[in-house]
Amino acid sequence: MGNFMLDLSGKHAFVTGIANNRSIAWGIAQQLHRAGAEIGVSYLPDDKGRFEKKVRELTEPLHPTLVLPGDVQDDAQVDALFNTVKEKWGKLDILIHCLAFADKSGLTGNYTDIPKEAFSQAMEISTYSLGRLARGAKPLMTNGGSIITLTYFGGVKVIPNYNLMGVAKAGLEMTVRYLAAELGPQNIRVNGISAGPIRTLASSAVGGILDMIHNVEEVAPLKRTVTQTEVGNTAAFLASDLSSGITGQIIYVDSGYEIMGMYN
Ligand code: NAD
């Protein structure tokens, strides 16, 4: 039957991708916490420990019971992360994949100029990592689970400058479907949220992000772009029993931009 309220109490939610207070992952972590989930977070380690410090300070109000390094390019680190989740939590209910990276050469100019190294790196970090994290989560989601990733319309239609990340997001959205098919028998659901453009560290690397936001303000039915909190609310819904029949889907949280055919 499930619970009719959006109640995540007793659930363990691990959130990747918090870099700062603008991060979409931060909006998600806050709403999962509000709904009662116990929170764990990862950060991308750097030599000076800046991201770790930032993430620890920022997330303190949520009392995360796990704060772990989680560079998805580092297999040993990903294994260690899930080993710690197993040791400390015993099980995992919710996994948020909210990270991506592409070199600047892939986010502006001509698609035909994208170097092979930039392509491989973007695919590894932004696309392959979803399956990699799902591999770690699978044996820990013993009561079923919900895996949620973040995608963008530029993976479905051509958006100026989104270039390489568009191809990575197309791969990511297909990964959602293959994972949903594989993990469904274990009652693990896998969905993507396609968010409208929001100013963040990652999006500022995309040429013309402000133009993208202005276009949404003109064209989208709601005449504004979305907030990290709105994305967080949809993530809380997808993480909860209220969405128990939904898997393999991409849900647009984009003020309705995606439905528009002709812009006036
Ligand atoms: P952000 O810069 O706050 O988050 C990106 C995160 O990716 C950072 O926390 C960074 O540390 C992490 N990351 C990069 N390389 C990593 C690696 N090797 N291992 C682990 N983590 C790594 O920006 P954001 O906009 O909040 O991005 C979060 C997600 O939302 C991304 O998948 C992005 O494509 C997606 N998204 C963003 C928008 C937008 O307009 N901002 C729209 C739709 C989808």
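An oxygen atom of the ligand is placed 2.7 Å from a polar backbone atom of Ile198. The structure is a predicted model, and the protein covers 93% of the 810 Å² of accessible area that the ligand has on its own. The ligand takes up the space of the largest pocket.

**Ligand surroundings**

- There are 25 residues around the ligand, and those that come nearest are Gly17, Ser23, Ile24, Ile198 and Thr200.
- Ile24 has a backbone N or O atom 2.9 Å from an oxygen atom of the ligand.
- Asp71 has a side-chain N or O atom that lies 3.0 Å from a nitrogen atom of the ligand.
- By class, the shell around the ligand holds 16 nonpolar, seven polar and two charged residues.

**Largest pocket**

- The volume of the largest pocket is about 1100 Å³.
- Its lining comprises 40 residues, of which Cys98, Leu99, Ala100, Phe101 and Ala202 are the closest to the centre of the pocket.
- Two or more lining residues come from each of strand E2 (38-43), helix H4 (116-137), strand E5 (145-151), helix H5 (163-183) and helix H6 (209-219).
- The lining of the largest pocket consists of 27 nonpolar, eleven polar and two charged residues.

**Second largest pocket**

- The second largest pocket has a volume of about 250 Å³.
- Among the 21 residues that line the second largest pocket, Tyr152, Ile159, Met212, Asn215 and Tyr257 are the closest to its centre.
- Strand E6 (188-195) and H6 are the elements that give two or more residues to this lining, and H6 gives the most, with four residues.
- Twelve nonpolar, six polar and three charged residues make up the lining of the second largest pocket.

Key: Residues numbered from 1 in each chain as written. Predicted model: local features only at pLDDT ≥ 70, side-chain atom pairs only at ≥ 80, totals over all residues. Heavy atoms only, no water. Near = heavy atom within 4 Å. Polar contact = N/O pair within 3.5 Å; in protein donor to acceptor, adjacent residues only side chain to side chain. Areas by Shrake-Rupley, 256 points an atom, 1.4 Å probe, with all protein chains shown as cover. 1 Å grid on protein atoms, 1.4 Å probe; cavity = no way out; pocket = protein on both sides within 12 Å on 5 of 7 lines; lining within 4 Å. Sits in = over half its atoms within 2 Å of the grid points. Nonpolar A, V, L, I, M, F, W, Y, C, P; charged D, E, K, R; others polar. Points joined across faces, edges and corners; volume = space filled by probe spheres on them.
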